Amino acid sequence: MKDLKQLVRPNIWSLAPYSSARDEYSGKEAHVFLDANENPYNAPYNRYPDPLQRELKSELKRVKGVPEENIFLGNGSDEAIDLAYRVFCRPGIDNVVAIAPTYGMYAVCADINDVEYRTVLLDENFDFKADDLLAACDQQTKVVWICSPNNPTGNSLNRNEILSVIERFEGIVIVDEAYIDFADQMSMRQELPSHPNLIILQTMSKAWGSAAIRLGMAFASKEIVAIYNKVKYPYNVNLLTQQQALEVLKDPYEIDKYVKILLAERTRLIQAFQDLPVCVRVYKTDANFFLAKVTDANSIYNYLVDRGIIVRNRSKVQLCQDCLRITIGTRTENNELLSALRQI
């Protein structure tokens, strides 16, 4: 890995972060707050939230096994994705490399930040070789994006190939593990201490059933987390989000129940889907969704919409012609989907 100072944009490295009222007295006990121009009434919503989400990070340390200093929390994973460009990539100069197909926000954020976005097509099994990904990199490549389990394909990527990229690439490697709780493959979190160029993204939106609160996690070296913290907006995670996340994290075993039910439904739904006349192929998945090639994705998608059933048409995505991405719902929802498709 290059020295972190070489990877971070010079203006970001020298940036003096905004000093919020709640940061300036950090470490001291206080009970009279006359510093932030807040309304003294309507507690607790009148006060700005903890800008560094200390209580929430303490709970995440218990659940995820990652020290607080290695945790960044954002407004969904999308904030951590956008910050990667703002921290590491000089607009109009640097580039990033990603697999294709994959999560669309990597490319959108690249466009927003005026950063070249290079792609390497996955193979016929929706997997990749480290050599191919690294061959697309040059001296201006600052970040490599790897989503595993991948979206929209659903499969976990080869762990050894991911590690090869992390070990051989001199820049930042970001492994997006939004769907890791549904996979047999273990998280890469234990690799953090030995790989300072690694950033791991996770979310409360999938297995934790909390998409509405918009809480994303980035696990990284304390140096990278510190840079993220000085670039983010001061109060990026609101009080209601922090409170609800703490509530959900009290009982992680409840989430294990959700995952077990969804995995059983995934198996049942895929088996039934494969027997449908419209199904050409269902691809291997390690997520709470599956990608299926069908006879005519556009017409089938529109047919389902007319019946109030929404899936995702991925036909315009590379390697996904005539493919639908189907999220695992409740047993009732899944049965309604199957019933509709059997009537085509």
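Helices (H or I, at least four residues) and strands (E, at least two) are DSSP runs, numbered from the N terminus. Buried means under 20% relative accessible area, exposed means over 50%, and partly exposed lies in between (1.4 Å probe, protein chains only).

The model is predicted: local features need pLDDT of at least 70, side-chain atom pairs count only at pLDDT 80 or more, and totals for chains, interfaces and linings use all residues. Residues are numbered from 1 along each chain as its sequence is written, and side-chain values use heavy atoms, with hydrogens and water left out.

**Helix H8**

- H8 covers residues 159-168, and seven of its 10 residues are buried, so the rest of the structure largely encloses it.
- Those buried residues are Arg-159, Glu-161, Ile-162, Leu-163, Ser-164, Val-165 and Ile-166.
- Asn-158 caps the N-terminal end of H8. One of its side-chain oxygens lies 2.9 Å from the backbone nitrogen of Asn-160.

**Nonpolar cores**

- In soluble globular proteins, nonpolar side chains tend to be buried together.
- A nonpolar core is a set of buried Ala, Val, Leu, Ile, Met, Phe, Trp, Tyr and Cys residues joined through side-chain atoms within 4.5 Å.
- The largest core here has 53 residues. Phe-128, Leu-133, Val-144, Ile-146 and Val-165 have the most contacts inside it.
- Contact means heavy atoms within 4.5 Å. Leaving aside neighbours within four places in sequence, Ile-146 is in contact with residues including Phe-128, Leu-157, Ile-162, Val-165 and Asp-176.

**Salt bridges**

- Side chains of opposite charge can pair when their charged atoms come close.
- A salt bridge is a side-chain nitrogen of Lys or Arg within 4 Å of a carboxyl oxygen of Asp or Glu. The whole structure has 16 of them.
- Arg-47 pairs with Glu-38, with the closest N and O atoms 2.7 Å apart. Arg-47 is partly exposed at 25% relative accessible area, whereas Glu-38 is buried at 14%.
- Glu-68 and Lys-61 form another salt bridge, at 3.7 Å from N to O. Glu-68 is partly exposed at 31%, and Lys-61 is partly exposed at 40%.
- Lys-257 and Glu-254 also meet, at 3.6 Å from N to O. They are three residues apart in helix H11 (residues 252-274), so about one helical turn separates them. Glu-254 is partly exposed, with 30% relative accessibility.

**The whole chain**

- The protein chain has 13 helices and 11 strands.
- Of its 344 residues, 53% count as buried.
- A compact globule with 344 residues would have a radius of gyration near 20 Å, and the 22 Å of this chain agrees. The radius is taken over C-alpha atoms, and the globule rule is 2.2 Å times the number of residues to the power 0.38.
- The C-alpha trace spans about 65 × 50 × 35 Å along its principal axes.
- Among contacts between residues at least 6 apart in sequence, 70% join residues at least 24 apart.

Key: A polar contact is a pair of N or O atoms within 3.5 Å; within protein, one must be able to donate a hydrogen and the other to accept it, and residues adjacent in sequence count only if both atoms are side-chain atoms.
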